[in-house]
Amino acid sequence: MTDYLGNLNGDGQRIGIVVAQFNDLVTQRLLAGAIGSLKQHGVAEEAITTWWVPGAFELPRAAKRLAESGTVDGIIALGAVIRGETSHYDYVCSETARGIAQVSMNGPVPVMFGVLTTDTLEQAINRAGGKGGNKGADCATAVLAMSHLPA
Ligand code: INI
């Protein structure tokens, strides 16, 4: 029997983060959670590359470019799409999720989906270091587990 349980050792791992500026009150917190957790797991500060993009919709293209650069072992995509603030919420959510999944499935490195999709700003903040944990920190452990996945 082969049983693989995610190895979360960040030693020697190079991690890319693509993060949306839109709703940066939330995304700054997601980013802090992700970087804090990566460092806790042994990822060196100089091995973390962060690319900012305008909004969540731009995350898949940035993730694709970063994945194809060959400079990272895994990527975390961070964003916050809040229903109350847009009539095109559904398009932004679905295209962002679809695009990130495509890059992760077809590209050379795994891409984590750290995009919050909520009805209110309060719900988003709760999931960015509040009562609901920090989605960025969750993605940090997930990307390490996935970057170590055996062939
Ligand atoms: N981008 C977000 O990341 N979150 C949002 O809530 C949001 N709203 O509300 O519209 C949003 N829109 C911008 C979008 O991601 C693109 O940057 C823009 O449409 C340009 O392509």
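Q: How far is the sulfur of C139 from the closest cysteine sulfur?
A: The distance is 15 Å, to the sulfur of C93, and that is too far for a bond. A disulfide here is a pair of cysteine sulfur atoms within 2.5 Å. This is a predicted model, where local features need pLDDT of at least 70, side-chain atom pairs count only at pLDDT 80 or more, and totals for chains, interfaces and linings use all residues. Residues are numbered from 1 along each chain as its sequence is written, and side-chain values use heavy atoms, with hydrogens and water left out.

Q: How many disulfides are in the whole structure?
A: Zero, according to a search of the whole structure.

Q: Is C139 buried or exposed?
A: C139 is buried, with a relative accessible area of 5%. Buried means under 20% relative accessible area, exposed over 50%, and partly exposed in between (1.4 Å probe, protein chains only).

Q: And C93, buried or exposed?
A: C93 is buried too, with a relative accessible area of 14%.

Q: Which residues of α3 are buried?
A: They are Y89, V92, C93, T96, G99, I100 and V103. These residues cover an arc of only 145 degrees around the axis, so they sit on the same side of α3. The arc is that of the directions from the helix axis to the C-beta atoms. Helices (H or I, at least four residues) and strands (E, at least two) are DSSP runs, numbered from the N terminus.

Q: What is exposed on the other side of α3?
A: Y91, M105 and N106 are exposed there.
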